[in-house]
Amino acid sequence: MDLAEVKRIGALARLDLGEEETAAMSDQLTRILDYVAQLEALDTTGVEPTTHPVTLGEAFRDDAVRPSLPTEAALANAPATDGASFIVPRIL
Amino acid sequence: MEYETVIGLEVHTQLKTKSKIFCGCSTTFGAPPNSHTCPVCLGMPGVLPVLNREVVTCAIKLGLATRCTVNRSSRWARKNYFYPDLPKAYQISQYEAPICEHGYVEADLESGETRRIGLTRIHMEEDAGKNVHGAADDDHSYVDLNRAGVPLLEIVSEPDIRSSEEATAYLKRLRSIVRYLGISDGNMEEGSFRCDANVSIRPMGSDTFGTRAEVKNLNSFRHVAHAIDYEARRQARLLAQGKEVVQETRLWNTAEGKTYSMRSKEEAHDYRYFPDPDLVPLEISEQWIEAVRATLPELPADKEQRFVVEYGLPPQDAATLVASHHLADYFETVAGAVKEAKRAANWVLGELLAVLNKLGISVEESPVEAAALAALIRLIEEETISGKIAKSVFEKMVATGKAPAAIVEEEGLVQVADPEALRPIIQQVFDDNPTQLAQYQAGKTKLMGFFVGQTMRATGGKANPALVNKLLREMLPEPTAPADGG
C-alpha cells in the first residue's frame, strides 16, 4: 500500500498522520494485506461470499418500546453538553 | 440547443413503528432532546443491534405495493462517514443486496396521461440524529439523538422522470401509497417524507446521460419542482457558455430560489460500505411475503380505476379523490347514500375541498361528516331544496354543525315545488315586467332566462328550477313573430 493510499485512508478516518507514521503504516499495512492475500490462491469459483459464520433465520425483536436511558446518563460521557443536547463545534 | 431534463429521485420515508429499528427506544416525535436514547442508538461499544420485525413488514408492504421483487435474502451494510448526528460514525443501511428491487409507480399528469416511473430499489436503514445550529454569534451546534435509529425506507427511482411536473406527480403518488399502507405519515414539511433530486440535462433525442447534480434540502413538493426547474436552467446556461456541469451535491436555498454547491475541501466521498458483522443476513420466507400481501389495502391506482368504472367519474376527478384514502372513503360514504355518485363527487371536490382548504384542515377533521353531506344531497335529489339553496345550507352546516334538514326547516328554505304556489308568483313577475313580456311575445324568446331569474328571485331562490321552467313554458304567451334570436 503506497503512501498516497495510506494518507487517503488516514484522512477518511480523520487521522492526522505525520510523514514517519505514514511510512510505518504503509509498511505494516502492506505486510498485513500480503498475508491475507495468500487466500487468493484458493479457487473460490461458485462459493458464496461469507459475511457471517452462522445463519440465523430468526433474529428479530418485536416492535415494543422499552425504557430509554435517563438524559443525564445519555449525556454522561459527552465532552460538552447543556444538560439536554450534546454540544459540538459549529457545523454549518 | 434544446435540452431534455433527466431526473431521478431518492425518497426517505420515516416508518411509523413504535420503537426504533435496532433498539426499543420510542420513535415518538417532539420528546425532550436525548430522552429517547440507549446504548445501542448512542453507538456505545459492545452493544448489539437487533432488528425490529415490523420494519421488515413495512418494507415488504411497500415493495409489493410498488410491484417490486421482494428479495428472499438481503444484507445489512455499514455506510461510513463522520458527522456529529451519527454517533457510530457509520449508518446501518443496505447496499449490495437491498430488500426490494425493480418496481414502479404510476403517476397521473395534468394532461390525464399516466407515466410509469421505475424504481431501482427500496432499502431499509436507520435515520441519523438532528443537529440544531446556534444563533449567528454562537460557534456551537447542538445534537439531539432521539431520531438516531428511527427506521427509514429509502426509495430510489430510475432516471425516468423528465420534468418537474412528473417529479411532483410521482412524489404525490408515492406519498399516497405509503399513507394508504399506513407505514408512514408522509409529511414533507415535518421531515417524515424527504426527497433528494438527481438532475441532469442532455440534448433532446440523446440517449446518453449528462453529468448530474444531486439537490438536497427539498422539504415541500413546491421546492422540489422549483429546484428541478432551476437546476435545468443553470445547467443549460453552463453548457451554452461552453462550460461543464460538475458532479456534486447542491443545496436548495428556498429564500433565494437557487441551488448552491455544498463542496468543501475536507469532504472526502468514500463511504467504504461493508457488510455489518453485527447483523445476520435477512432471510424472508415466502409465507411472510404472502401474509403481508394478504393485508394490502386497495391502492390508489386500483381505487382510481374502480372509481372511473363503478361511479362513472372522469379520471381527473377520480385521481383527486384517491390522493388521500380518507378523502376516497369520505366520497364513497357519500356516494353510497345518494342516487348520483357524480353529484357526490362534485360536492366533495367542490364545496367540501374548498372549505377544507380554506380552514387548512384535512378531511378527517371536516366539520361536515360524510353522512351529513349525503343527507344534504338527498334533499336536492328529493327536490326539497335546489342546488343553489343547498350551497348556502352547506355553509351553515360548516358554521354550526347542524343537520341539513334542521337548517332547511329553521330557515324556511324548503323548495317551492307546488305549481299552485308558483303560478301566482309567475303571474306577478309578468305583471311587473310588461315590457319584457311584450318583447318575448314579439319573438325575443331568449328572455326566457330573464323570467326564470325573476321568478327564482321572487321566491328567494326556493322555487324548483325545473318546475319554474315548465310553468313558464306553459304560461308565457306564444311568440307571434318567428324567433329572431336577438
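This is a predicted model: local features need pLDDT of at least 70, side-chain atom pairs count only at pLDDT 80 or more; totals for chains, interfaces and linings use all residues.
**Exercise 1. A pair in a helix**

What do the side chains of B:Arg293 and B:Glu290 meet in?

*Solution.* Residues are numbered from 1 along each chain as its sequence is written, chains are lettered from A and ligands numbered from 1 in the order in which they are written, and side-chain values use heavy atoms, with hydrogens and water left out.

Begin with the contact: B:Arg293 and B:Glu290 meet in a salt bridge, at 3.0 Å from N to O, where a salt bridge is a side-chain nitrogen of Lys or Arg within 4 Å of a carboxyl oxygen of Asp or Glu.

Next, take the position: the two residues are separated by about one helical turn, because they are three residues apart in helix H4 (residues 286-295) of chain B. Helices (H or I, at least four residues) and strands (E, at least two) are DSSP runs, numbered from the N terminus.

The classes are buried (under 20% relative accessible area), exposed (over 50%) and partly exposed (in between), with a 1.4 Å probe and protein chains only.

**Exercise 2. From a salt bridge to a network**

Which residues are linked with B:Arg306 and B:Glu298 in a network of salt bridges?

*Solution.* B:Arg306 is partly exposed at a relative accessible area of 23%, and B:Glu298 is partly exposed at 27%. Then extend the set: the network links B:Glu298 and B:Arg306 with B:Lys303, B:Glu310 and B:Glu332. Over all chains, the count of salt bridges comes to 37.

**Exercise 3. A cavity and a pair in its lining**

*Solution.* The terms come first: on a 1 Å grid over the protein atoms alone, a cavity is a set of points where a 1.4 Å probe fits but cannot get out, a pocket is an open set with protein on both sides within 12 Å along at least five of seven lines, and lining residues have an atom within 4 Å of a point. Grid points are joined across faces, edges and corners, and a volume is the space filled by probe spheres set on the points.

There is one cavity of 30 Å³ or more, and the largest cavity has a volume of about 60 Å³. Its lining includes B:Cys41, B:Leu86, B:Lys88, B:Tyr90, B:Glu126 and B:Asp127. By class, this lining has six nonpolar, one polar and three charged residues, where Ala, Val, Leu, Ile, Met, Phe, Trp, Tyr, Cys and Pro count as nonpolar, Asp, Glu, Lys and Arg as charged, and the others, Gly among them, as polar.

Within the lining, B:Glu126 and B:Lys88 meet through their side chains in a salt bridge of 2.7 Å, N to O. The pair links distant parts of the chain, 38 residues apart, with B:Glu126 in strand E8 (residues 114-126) and B:Lys88 in the loop between strand E5 (77-80) and strand E6 (90-93) of chain B. B:Glu126 counts as buried, at 6% relative accessibility.

**Exercise 4. The second largest pocket**

Which element gives the most to the lining of the second largest pocket?

*Solution.* The second largest pocket holds about 1200 Å³ of space. Of its 38 lining residues, those closest to the centre are B:Lys172, B:Arg175, B:Ser176, B:Ala323 and B:Ser324. Among the elements of chain B that give two or more residues are strand E7 (100-108), helix H2 (164-181) and helix H3 (221-240), and H2(B) gives the most, with eight residues. The lining divides into 12 nonpolar, 14 polar and 12 charged residues.

**Exercise 5. Backbone angles**

Is the phi of B:Asn34 positive or negative?

*Solution.* Most residues other than glycine have a negative phi. B:Asn34, however, has a positive phi near 55°, and this residue is buried at 0% relative accessibility.
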